[in-house]
Amino acid sequence: MHDVKSRGAGAATAPAPRHRSGSRIGRALAPLLWLGPSIVLIAVVVLWPVVEMVRTSTLKISSSGVTLGSAGGRNFSDLFDEEDFLPVVFRTLLWVTAVVVVTMVLSLALGQLLNARFAGRRIVRWAVIVPWAASVLMTALIWKWMLDNYSGLINRVLLDLNVIDTPVNWLAHPHQAMIWMMWVAVFVSLPFTSFVILAGLQTIPGDVYEAARVDGAGPFRTYFQITLPLLRPAILIAAIINVINVFNSFPIIWAMTGGGPGHATDTTTTYMYKIAFYDQHVGESAAMAVVNFALVLVLVLLYLRVTRWREEVR
């Protein structure tokens, strides 16, 4: 009897077979087979260019692209000493803020319109998406032609309506040029943002609005207390994508004014290009790219902080 008990105790305390621990490790590593290609793609397409950009900003590079050694922080100090650096940064922040805010406000209204039921709704939806499907560069060039002071459609219409007495060279004045370029940026950003808002509106259950009507809520109260709160995820996504796209918007500014006269309508992207290809300062241009990247991150993080995204996730 004693022998039987001792055998039973030994069997109970025997170590688990090795194949079980191996199977656990295999199950833990199995997701990597699916995530691996995505991780490699992100590393190659996103992380490596960022590392290379930061590395280049610390190098002294000739106009022909030959590395002449380390520059330390010289590229950044030269960049910060540029007379046009701060005006360009402030203009960029104004550009991004104005375009994104106007785009979001108009998209909320347009999304409501596209979500409503009316005759020809499908045609209107297709018409709204056309500016997004078209080339941004071609759209900017068309608007530049429309704003021409001799043969432009804008001047022709305003002259016929007696709004102006003489043709105006809209893009020759920096403030007017910035306003028109902001409008073009809104024009090309509106379709995507409106459809993101439309997608968010279509996820809101109709029962919620029925309950609001039963409780006596009017249209104004229903929109601000039900629709907008439920649209926060869609607004968050649309705003972040717009901030990134507008911040790095190059074709509109370059096609319409080239950042001129001088640097009067430059943003950080066109200013970066001029430093690299006009001034032939590749390292300083890379430093401007690092600053541009940091500004985008700061703006996105500030927006997430303001909207309290962590509370939304909870």
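Okay, let's start with F80: this residue is partly exposed, with a relative accessible area of 45%. By that I mean between the cut-offs of under 20% for buried and over 50% for exposed, using a 1.4 Å probe and protein chains only. Bear in mind that this is a predicted model, where local features need pLDDT of at least 70, side-chain atom pairs count only at pLDDT 80 or more, and totals for chains, interfaces and linings use all residues. Numbering runs from 1 along each chain as its sequence is written, and side-chain values use heavy atoms, with hydrogens and water left out.

So where does F80 sit? F76 and F80 are both in helix α3, residues 74–81, 4 residues apart, about one turn of the helix. Helices here are DSSP runs of H or I with at least four residues, strands are E runs of at least two, and numbering goes from the N terminus.

On to the rings. The structure holds 16 aromatic pairs. The F76 and F80 ring centres are 6.4 Å apart with planes at 45 degrees, so that pair is tilted. For pairing, Phe, Tyr or Trp rings (the six-membered one for Trp) need centres within 6.5 Å; planes under 30 degrees apart are stacked, over 60 edge-to-face, the rest tilted.

Now Y273 and Y278: their ring centres are 6.4 Å apart and the planes at 70 degrees, so this one is edge-to-face. Y273 is partly exposed at 30% relative accessible area, while Y278 counts as exposed at 53%. There's also an aromatic cluster made of W143, W170, W180, W183 and F187.

Zooming out, the protein chain has 14 helices and 2 strands, and 36% of its 314 residues count as buried.
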